[in-house]
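Hello,

Here is the structure I promised to pass on to you. Have a look at it first, and then read my notes below.

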Amino acid sequence: MTSEPPKPKRLLLVVACALVDADGRVLIAQRPEGKQLAGMWEFPGGKVEPGETPEDCLVRELREELGIETKTACLAPLTFASHSYDDFHLLMPLYVCRRFWGTPEPKEAQALKWVRPKQMRDYPMPPADAPLIPFLIDLL
Ligand code: C5P
């Protein structure tokens with residue numbers, strides 16, 4: 001009897017942003033109750049919609065989630081995460097943004113914290129996000 005080959009997983013493209021303040025701290029957001037991975041701390045961002053570039057997606061997500069404005073030219077790609085969850089494979093580019101307008105506010109009931117990259121290890125992060133921390137420690 002031959003076994004079925006494993007089904008290819010759905011590919012999900014999420015873009016994340018390390019928002020950096022004048023002090024070199026990075027903003028992390030806690031996933032609210034009711035969402036998958038609730039309680040974990042992540043970089044702000046979200047799913048790329050059809051027709052959007054990753055940068056357009058981040059400008060929109062930062063506006064919707066945090067009420068701040070930035071420009072695509074203010075987003076610098078740093079690295080990307082590639083993680084296989086049970087039901088999908090996540091590809092997640094990480095951008096760095098040091099120039100934005102307004103003060104981030106939790107627009108979606110998420111808790112927010114400004115932390116130094118080395119302090120991020122004290123916060124539980126999704127398995128896709130945690131491997132990105134060393135890149136920020138090296139950069140900042
Ligand atoms: O944020 P959203 O729920 O749309 O993201 C879809 C999935 O991508 C999450 O359930 C989570 O598994 C994964 N994700 C992640 N790290 C992030 C954002 C999303 O691992 N920073």
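In this predicted model, an N or O atom in the side chain of Gln36 is 2.7 Å from an oxygen atom of the ligand. Asp129 has a polar side-chain atom 2.6 Å from a nitrogen atom of the ligand, and for Glu42 an N or O atom of the side chain is 3.3 Å from a ligand nitrogen. A polar contact here is a pair of N or O atoms within 3.5 Å. On its own the ligand has 440 Å² of accessible area, and the protein covers 89% of this (Shrake-Rupley method, 1.4 Å probe).

The ligand is surrounded by 15 residues, and Arg31, Gln36, Lys47, Tyr85 and Asp129 are the closest (a residue counts if one of its heavy atoms lies within 4 Å). This shell divides into nine nonpolar, one polar and five charged residues, with Gly counted as polar and Tyr as nonpolar.

Where does the ligand sit? The space it takes is the largest pocket (more than half of its atoms lie within 2 Å of the grid points). That pocket has a volume of about 600 Å³, the space filled by probe spheres set on the points. A pocket is an open set of points on a 1 Å grid where a 1.4 Å probe fits, with protein on both sides within 12 Å along at least five of seven lines, and lining residues have an atom within 4 Å of a point. β1 gives the most to the lining, five residues (strands are DSSP E runs of at least two residues).

Residues are numbered from 1 along each chain, and side-chain values use heavy atoms, without hydrogens and water. Local features need pLDDT of at least 70 and side-chain atom pairs 80 or more, while totals for chains, interfaces and linings use all residues.

Best wishes

Notes:
Helix = DSSP H or I, 4+ residues; strand = E, 2+ residues; numbered from the N terminus. Polar contact = N/O pair within 3.5 Å; in protein donor to acceptor, adjacent residues only side chain to side chain.
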